[in-house]
Amino acid sequence: MARVKFLCDADRCIECNACVTACKNEHEVPWGINRRRVVTINDGKPGERSVSMACMHCTDAPCAAVCPVSCFYTTADGVVLHSKDLCIGCGYCFYACPFGAPQYPKVGNFGSRGKMDKCTYCAGGPEADSTPAEYAKYGANRLAEGKLPICAEMCSTKSLLAGDGAIIAQIYKERVMKRGYGSGMWGWTTAYSDSPTG
Amino acid sequence: MKVFVAAVAFAVVAAVGVAMVLNSIQEPSSVAFTTSGARVSDPGHNLIGSG
Amino acid sequence: MPSSLSNLRALGAAIILLFAFAYPAAAQLSFRPTAEAVQEDQLLNALQRGDKITGRITIPDTRASSLIQPAGRDWRDFQRSRLPIIGGVAIIGMVALLAIFLMVRGRIRVDHGFSGAKILRFAGFERFIHWLTASCFIVLALSGLNISFGRILILPLFGPEVFATMSVYAKFAHNYLAFPFMLGLVIMFLIWIKDNIPGKLDLEWIKQGGGILSAGKHPPAKRFNAGQKGIFWIVIIGGALMSVSGWFLIFPYLAATVTVLQFWTVIHAVIAMLFIAAMLAHIYIGSIGMEGAFDAMGTGEVDLNWAKEHHSLWVEEEQAKAHGPSDSTPRAVPAE
């Protein structure tokens, strides 16, 4: 079975935020929740690079490891999902996540941060696939329809790649060879320490 | 025994009071993370429920 | 030829000349963007412990500016590997120690038996504050332990749905009972600090092991002996640390970054384990560990013989206050 991953080619990213907008639209993400975001390093200086970052669906997911109620699970494709029914909104997954993926609907009171929300790789959640109940809780389930995440599909420069980890790693390597430079597969050693190259 | 019951009752009442105060000052993220330039009427309720 | 066409040709020539002069200049730009691009592995290697790779974002939530924070990995290792060991050793170790003590030493008896006469030890308000703090502590400790160990110990017994529902309510109880607990701590400090200042008598008491290990030995003590003073300061200092760390956890926006929050969770968790172990010892000695001890917080009045054996100097002070030194039974003092 394919092990899916995200790869953002920082040398192609133009910070257009199409990935962010596409994700927000596809899942009707409310204001204040940011499943995907674009971070620009060395902004305004030579060598400025932008990286589109969301949940990386890590191999040994730290969020799953620290969750006090064990509400996370990994699908056969390697997608890390969680159950909002079990989530107690404690915030531990945010402390552990290297990429800051978990989002909470309320601030200011540990007592009720609300249910954690994060990028689902457009794969929904534990509810039945492609039902209104699943959409209301987790957003669209594109993977069940055989489609890839909408952020990568909408990327204007094809810098954000999503799909089988081996295939997108190969695409990136070919790019680096052809153009002669590459700032790295951002987050891969942190997220996919078992096979950082695909 | 009386004193113990009184102490537990006081703790429960205090906790309920604190809960009411804290919940009234809590902000949804749509309010907390909105700058002055944005005008948000309906922040949306998908994914987070109506709460 | 028409003037517009000749103008056009002049313009075209000017542009071509401009390129001809500009091109060599362009090749001599002072920077090369691709060569100076940030490299992920360089940035990761240059990070100090606890540091993050950050950048500029358009989102008002400043926490989103963190691109990669490797410290989360260390925090996860602490939470799931080191903390259970610390907690297990502290709590199970203390339970084992107390069990062994009970088996070897047995229940500490009043050597001369109960006299039947009573002396007031704690007024109603003092008992109220103690039970307020203590009952909050029990719920706080259990709900806190649920966060650290519930997944390992309780989830397999009850299944995910029941466990999650229970954990939600435990978390609410933990967050909201923390406030009456903090109130109890402050008042406890104010009403009992003057009797808990360490002194030379306490050194003597400690040297004699408090008389705890052998029957018949009763080093003199005032209102609170050295062991109790130790418990007082553990509660005040431990409670203060729990309160400060807990304050940041319940109001996470007070912390600038997630790194600060990780630090406070470590403090909160480690101090909690040690605090619980200490309180287990306190609960033991105040209940089954020593006969006649529970009355102090139960009714407020303790047996006179018990008081003379364990707090002889305090009994003398109380009796001198209440009446002349010749009379051996104290005048009744109302509990409230």
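This is a predicted model: local features need pLDDT of at least 70, side-chain atom pairs count only at pLDDT 80 or more; totals for chains, interfaces and linings use all residues.
Visitor: What is the radius of gyration of chain A, and what does the globule rule give for 198 residues?
Guide: Along its principal axes, the C-alpha trace of chain A spans about 50 × 40 × 30 Å, and 58% of its 198 residues count as buried. Of the contacts in chain A with a separation of 6 or more, 56% are accounted for by residues 24 or more positions apart. Chain A is as compact as a globular protein of that length, because its radius of gyration is close to the value from the globule rule for 198 residues, the two figures being 16 Å and 16 Å.

Visitor: What percentage of the residues of chain C count as buried?
Guide: Chain C has twelve helices and four strands, and among its contacts between residues at least 6 apart in sequence, 68% join residues at least 24 apart. Of the 336 residues of chain C, the part that counts as buried is 29%.

Visitor: Which element supplies the largest share of the side of chain A that touches chain C?
Guide: Here 41 residues of chain A are in contact with 49 residues of chain C. At least two residues of that side of chain A come from each of β2 (37–41), β3 (49–53), α2 (62–66) and α3 (92–96), and by class the side divides into 23 nonpolar, 14 polar and four charged residues. The largest share, four residues, comes from β2(A).

Visitor: How many nonpolar, polar and charged residues are on the side of chain B that touches chain A?
Guide: The contact between these chains takes 19 residues from chain B and 20 residues from chain A. On the chain B side, α1, β1 (27–28) and α2 (29–32) each supply at least two residues. By class, that side of chain B has nine nonpolar, nine polar and one charged.

Visitor: Which residues of α6(C) make the contact with α1(B)?
Guide: α1(B) passes α6(C) in a right-handed crossing, and the residues of their contact divide into ten nonpolar, no polar and no charged. From α1(B) come Phe10(B), Ala11(B), Ala14(B), Ala15(B), Val18(B) and Ala19(B), and they meet, on α6(C), Tyr176(C), Leu177(C), Phe179(C) and Pro180(C).

Visitor: Which residues of α8(C) make the contact with α6(C)?
Guide: The axes of α6(C) and helix α8 (residues 226–250) of chain C come within 10 Å and cross at roughly 145 degrees, in a left-handed crossing. The residues of this contact divide into eight nonpolar, four polar and no charged. On α6(C) they are Asn175(C), Ala178(C), Met182(C), Leu185(C), Phe189(C) and Trp192(C), and on α8(C) they are Phe232(C), Ile236(C), Gly239(C), Ser243(C), Gly246(C) and Ile250(C).

Visitor: Is Arg127(C) buried or exposed?
Guide: Arg127(C) is found in helix α4 (residues 124–153) of chain C. A residue is buried if 20 or more other C-beta atoms lie within 10 Å of its own. With 22 other C-beta atoms within 10 Å, Arg127(C) is therefore buried.

Visitor: What separates the C-alpha atoms of Arg127(C) and Gly300(C)?
Guide: Not counting residues up to four places away in sequence, Arg127(C) touches Val3(B), Phe122(C), Met297(C) and Gly300(C). Arg127(C) and Gly300(C) are 173 residues apart along the chain, and the separation of their C-alpha atoms is 7.2 Å.

Definitions and conventions:
Residues are numbered from 1 along each chain as its sequence is written. Chains are lettered from A and ligands numbered from 1 in the order in which they are written. Two residues are in contact if their C-beta atoms, placed from the backbone, lie within 7 Å. Ala, Val, Leu, Ile, Met, Phe, Trp, Tyr, Cys and Pro count as nonpolar, Asp, Glu, Lys and Arg as charged, and the others, Gly among them, as polar. A crossing is left-handed if the near helix is turned anticlockwise from the far one by less than a right angle, and right-handed if clockwise. Axes are lines fitted to C-alpha atoms, for helices over the stretch in contact, and angles run from 0 to 180 degrees between N-to-C directions. The radius of gyration is taken over C-alpha atoms; the globule rule is 2.2 Å times the number of residues to the power 0.38. A residue is buried if 20 or more other C-beta atoms lie within 10 Å of its own, exposed if 12 or fewer, and partly exposed in between; C-beta atoms are placed from the backbone.
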